[in-house]
Amino acid sequence: MTDQDQRAGRRWLIAWEVCRRLPEPVAFLLGQVGGRAFYQADKRRREALRSNLRHVVGPGVAAKQLEREVRRGFASYGRYWIEAFRLEDLSPAEVIRRMDFEGREHLDAAVASGRGVVFASPHIGNWDFGAAWLAASGYQTTAVVERLRPPELFERFVAYRRALGIELLPLDDGSETLRGVLRTLRAGRLAALVCDRDLTGGGLPVTIFGAPATMPGGPASLALKTGALLLPCAVYQGKRRGRWLAVCRQPIEARPSGDARADALAVTQRLAGEFEILIARAPQQWHVLSPYWRLPGGRALPGPAGAEKAAS
């Protein structure tokens, strides 16, 4: 680990403790201000989110409207970090009280089936709060998590998430992580995957918002291999600070045909279609600040033709 990583880690941990000590309204205001500052300071991520949101909101969007969505996206991202820093101070009862739920019957029916459930979410709203709610509500949950940098920040997240009662498996532990998820599903429990981004470069091709992209094939493969139900879901930040809304769609049932790759492609495309619906519901909460649509060779795919009209 470099000296730069260590300094970054110390800054993040200091920010974490400061946010926990502030009154809630002040902390959320700080997150909003921080998100706006991030929008102003980071041109690369600003352009990436603008390009991504062009695909989501469609070709008829005016330039000013698109930029409002981008600014709101950064404000939502700032709010996410404040929520994450303060989550461990909420009791299980308070976590449950602050969550509204649409489609819980799909979750409960899937769990009751005993087949195992892949809880599949895009990077939207606050997926950490969703995992905390599952644990607080008594659902046995294993979450696969991206390894954050700096390492101190990742270790801090791991410690508090495990304290909430969530089993954590790092994404980059390869076969060991896969074995852990398979054990979870074969025991009829719930595996939570945030799986709209292809982080390994080995994803499957899909069409999402009318353009080619790649998504991880793991959720589809797990469902096909184990018979688990694939449950598209999202946890949105509520209109009031300190409130959230979970949405569960109807489960996707993966039925093997004998052609494993064709099956995985078909199920992953169905999941992409569900993610379109979930992301379109609150595009400004989609926290993907790197180019999502790419051409062969890795170059970012520009937004759809005519994506920005001259602002009136």
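Start by selecting Trp 12, Trp 16, Phe 38, Tyr 39, Phe 74, Tyr 77, Tyr 80, Trp 81, Phe 85, Trp 127 and Phe 157: together they form one aromatic cluster. Rings of Phe, Tyr and Trp (its six-membered ring) pair if their centres lie within 6.5 Å; planes under 30 degrees apart count as stacked, over 60 as edge-to-face and the rest as tilted.

Before you go on, a word on what you are looking at. This is a predicted model, where local features need pLDDT of at least 70 and side-chain atom pairs count only at pLDDT 80 or more, while totals for chains, interfaces and linings use all residues. Residues are numbered from 1 along each chain as its sequence is written, and side-chain values use heavy atoms, with hydrogens and water left out.

Across the whole structure, a search turns up 20 aromatic pairs. Zoom in on Trp 12 and Trp 81: their ring centres are 4.8 Å apart with the planes at 45°, so this pair is tilted. It links distant parts of the chain, as Trp 12 is in helix α1 (residues 3-21) and Trp 81 in helix α4 (residues 63-86), 69 residues apart. Helices here are DSSP runs (H or I, at least four residues), as are strands (E, at least two), numbered from the N terminus.

With Trp 81 it makes an edge-to-face pair, 5.3 Å centre to centre and 75° between the planes. Is Tyr 80 buried or exposed? It's buried, at 4% relative accessible area; buried means under 20%, exposed over 50%, and partly exposed in between (1.4 Å probe, protein chains only).

Next, click Arg 156. Its charged end sits over the ring of Trp 16, 4.5 Å from the ring centre (the rule: NZ of Lys or CZ of Arg within 6 Å of the centre and within 35 degrees of the ring normal). Arg 156 also meets Glu 17 in a salt bridge (3.4 Å, N to O), meaning a side-chain nitrogen of Lys or Arg within 4 Å of a carboxyl oxygen of Asp or Glu.

Last stop: select helix α7 (residues 127-136). Of its 10 residues, 8 are buried, so the helix is largely enclosed by the rest of the structure. Among the buried ones are Phe 129, Trp 133 and Leu 134. Step past α7 and you'll find Gly 138, whose phi is positive, near 90°.
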